[in-house]
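Student: I have a model open and would like to talk through one part of it. Could we go step by step?

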Amino acid sequence: YPGRPQLQKFSNAQDGFEYDSKIEKINMFLNQQLLDLVELKKVSWSGIPKKWRLLSKYLPSSSERRDTTLIHKRKSYHELRLQYFKLDGYDESQQDTYRQIHIDVPRMNPNISLFQQKSVQQMFERILFIWAIRHPASGYVQGINDLVTPFFIVFLQEILQDTNIEEISTLEETIRDSIEADSFWCLSKFLDSIQDNYVFAQLGIQEKVNQLKELIQRIDGSLHKHLQNHGIDYLQFSFRWMNNLLTRELPLHCTIRLWDTYLAESDDFAVFHLYVCAAFLLSWREQLLQQNDFQGLMLLLQNLPTHSWTDRQINVLVAEAFRLKFTYADTPKHLEIKS
């Protein structure tokens, strides 16, 4: 149905062989009593059949503990819902938080009908509100709502692949609750390493934008000078890249593929994301150099034509990001913020 997440498909026999081989390897890991998480990450880095609960460290490496952990965590989230999500019991700041979430959620992915369903919006509102209340140092910041989407879609897709359900509200309540709980806990784990991005004034993001500026200046002085000469401030376009982790710049299926790599990077994904952003900017080098005024540059930078991108472009992007990291990560001067 319109907006239904599509299963990833491979376009030739070689890709299909690699896909089957990867499934075989992952199944071998999963059948081990104690999962070798390092090896799973190596296989996952270049894209996987979704095992995000394990990569997020939401589920333990021990196969014997996974089912009981899943039951316990889902029950714990249900208790959090009962504890925190009561609309008539908020103080003023909590009311403000809920109000902002309630405004932002319907604006997500407006072209995908799935996200306009009331039941889906309510699930997102609960996830975001409970996370914000449990993280008072940052609270809710616009952009975090976009980071729920990949988890939600991956876990929903597991259910929908063998069904033809059009309305999420028609799913059994226990299934909806499981998707919501798993999305919450995986989001929480994911945000642990980048919470500085969302504290007051979002200084963590401003620092990363400066790091990107320094990095591009070292890699491609001509492009950097071109942007500077036309009055382009990196904050004007890359703040969103850092805040939303490129979810607004890429099609949803590409975001999910990219996050395979991010989750395989574990706590280091925040550093790797810097190099992904650099590779992303550099991939548009020729088009940017053809723009000779501020308006043309900003229009391109804020509307980069990625609508036809597939996993192949993401594979190239992460490979280039890896090359840049390998080349420049040991030269720390480019990560210093100049006054």
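Student: Which helix is Ser119 found in?

Tutor: This is a predicted model, and in it Ser119 lies in helix α6, which covers residues 118–134.

Student: And is Ser119 buried or exposed?

Tutor: Ser119 is buried, because its relative accessible area is 14% and the cut-off for buried is under 20%.

Student: What does Ser119 touch, leaving out residues up to four places away in sequence?

Tutor: With those set aside, Ser119 touches Ile168 and Ser169.

Student: Moving along, what about Leu128, buried or exposed?

Tutor: Leu128, which is also found in helix α6, counts as buried, since its relative accessibility is 1%.

Student: Which residues is Leu128 in contact with, beyond its neighbours within four places in sequence?

Tutor: Leu128 is in contact with Ile101, Val105, Tyr140, Ile144, Asn145 and Val148. As for Thr97, the C-alpha to C-alpha distance from Leu128 is 9.4 Å, with the two residues 31 apart in sequence.

Student: How many residues of α6 are buried?

Tutor: Of the 17 residues in α6, 13 are buried, so the helix is mostly covered. From its first C-alpha to its last, α6 reaches 24 Å, which is close to the 24 Å expected at 1.5 Å a residue.

Methods: Residues are numbered from 1 along each chain as its sequence is written. This is a predicted model: local features need pLDDT of at least 70, side-chain atom pairs count only at pLDDT 80 or more; totals for chains, interfaces and linings use all residues. Side-chain values use heavy atoms; hydrogens and water are left out. Helices (H or I, at least four residues) and strands (E, at least two) are DSSP runs, numbered from the N terminus. Buried means under 20% relative accessible area, exposed over 50%, partly exposed in between (1.4 Å probe, protein chains only). Contact means heavy atoms within 4.5 Å. The expected span of a helix is 1.5 Å times one less than its number of residues.
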